[in-house]
Amino acid sequence: MARTWIAPALALLPLAALSACGDGDGSQAPPPPPVTPAAEALRWPGPSYAQVQAIFDQSCTSCHAGATVNGGLSLASPGSWANLVGVATQASAGGTRVVPNDSAGSDLHQRITASDLSIMPQPPNAPLPAERVEAIRAWIDEGGARQDLSVSLSGMTPHLGQRVVLRLESDSGELRSRIVLDPLPTAGFQVFVPRVRPTGSHVLAIWADHDRDGAYDAPPTDHAWSVSVPASGAASFAHNTTFTDVGATAATEPGLPFTVDFTGMTPHVGQTLTVALYKVSAAPLDVEPVGLYRVGAVPAASFSITIPGVVQAFEDYWVDIHADHDRDGAYDAPPTDHAWRLLNQSSGDTGLTVTFAHDTTFTDVSRYPAF
């Protein structure tokens, strides 16, 4: 799995062109990305490009959107990400709007932290509040300036109660992340994974374990589809019977399995449990979401889950676990919900197996930790 959990930049514009950017006092925090009310959603917590886009919408698009945009940069959704990452500025001094994993070298971050008249937003508008600057920095440095993945499934009634697997891969077939819904709970379902997709074209392989044997079988035994992921990262799929053989289990992929063996989970039997696996690099710091597993209802005090093909040998990972203790379908910081973060998990030549025994030492996993 090539390195590539997420991405950005305000174009470096002539000062005269930037006279009206901003939202006044900058007191409003960026909202989370919207969720379609009719669909249940799986949204793993964490800084996302959707949060960065919300900052742009509130503070930047008065100058950086529409038919004419300052500095040749539109920060309007859905095209802003493609206008930022790896794109040269039009400023006379040159530079790149966003350099993945390098906020100091990114023109966007330089502008929003400037101490002179080159600062964005331009005076008399107030500078971005510190928390917004930090969100943009974290998106660049900790997530490699990647785009989010948002998947909307609809019409999935034939597969209610079945395991559904989504596999994000590059056009060349390189696995980026695997998402397991075990089982699919509703006919309409949304998956949101922040900062998972680097530059380049991607496709989403989707398969439903229609015969419920726990393994992938070519259609029509199991049902499978291939869906292109647009540049915005927002993919939609409506159930149909035009199947595609997406091949693929761990036996045909270069990756290794990730397994969690749970014990002592009696307090959470019957509750939804989500496990997220992140590949972590320290130089530069990068946090990449490579696997996500949603258990619809914890089956017993002791059980195991496995995500095939997502681990590379002798790499460092961390694991986030979230039990929906109040059963409201959303992430709530402990102790309302129960959550844990397992750092410094190193894989071997056969993959990564973690043993987790329930405890009451919780971690708020809604934000990446500071390193």
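Trainee: Which residue in β7 does L204 stand opposite?
Mentor: In this predicted model, L204 stands opposite V227, a residue of β7.

Trainee: How many bridges join β6 to β7, and do the two strands run parallel or antiparallel?
Mentor: Strand β6, which covers residues 202–208, is joined to β7 by 7 bridges, and the two run antiparallel.

Trainee: What is the strand order in the open sheet of 8 strands?
Mentor: The order is β7-β6-β3-β4-β11-β10-β13-β14, and the pairing in this open sheet is mixed. At its edges are β7 (223–229) and β14 (338–346), each of which pairs on one side only. On average, neighbouring strands of this sheet are turned by 20° against each other, if direction is ignored.

Trainee: And what about the open sheet of 3 strands, what's the order there?
Mentor: Those 3 strands are arranged as β12-β9-β15, again in an open sheet, and the pairing is mixed. The edge positions belong to β12 (303–311) and β15 (352–357), and each has a single partner strand, so one side of each is left without a neighbour in the sheet.

Trainee: How many bridges join β9 to β15?
Mentor: There are 6 bridges between strand β9 (residues 256–263) and β15, and these strands run parallel. Within that pair of strands, D261 has T355 in β15 as its bridge partner.

Trainee: Switching to helices, how far apart are the end C-alpha atoms of α4?
Mentor: They are 16 Å apart, and this agrees with expectation, because the 12 residues of helix α4 (residues 130–141) should span 16 Å at 1.5 Å a residue.

Trainee: Which residues of α4 are buried, and what do they pack against?
Mentor: The buried residues of α4 are R132, V133, I136, A138, W139, I140 and D141.

Trainee: Last topic, which residues touch the most other members in the largest nonpolar core?
Mentor: In that core of 34 residues, the ones touching the most other members are F258, F262, L273, V275, L277 and I321. Strand β12 supplies the largest share of this core, with 5 residues.

Trainee: How many residues are in the other core that lies apart from it?
Mentor: That other core has 27 residues, including M156, L166, L184 and V280.

Technical notes
Residues are numbered from 1 along each chain as its sequence is written. This is a predicted model: local features need pLDDT of at least 70, side-chain atom pairs count only at pLDDT 80 or more; totals for chains, interfaces and linings use all residues. Side-chain values use heavy atoms; hydrogens and water are left out. Helices (H or I, at least four residues) and strands (E, at least two) are DSSP runs, numbered from the N terminus. The expected span of a helix is 1.5 Å times one less than its number of residues. Buried means under 20% relative accessible area, exposed over 50%, partly exposed in between (1.4 Å probe, protein chains only). Two strands pair if DSSP finds at least two bridges between them. Axes are lines fitted to C-alpha atoms, for helices over the stretch in contact, and angles run from 0 to 180 degrees between N-to-C directions. A nonpolar core is a set of buried Ala, Val, Leu, Ile, Met, Phe, Trp, Tyr and Cys residues joined through side-chain atoms within 4.5 Å.
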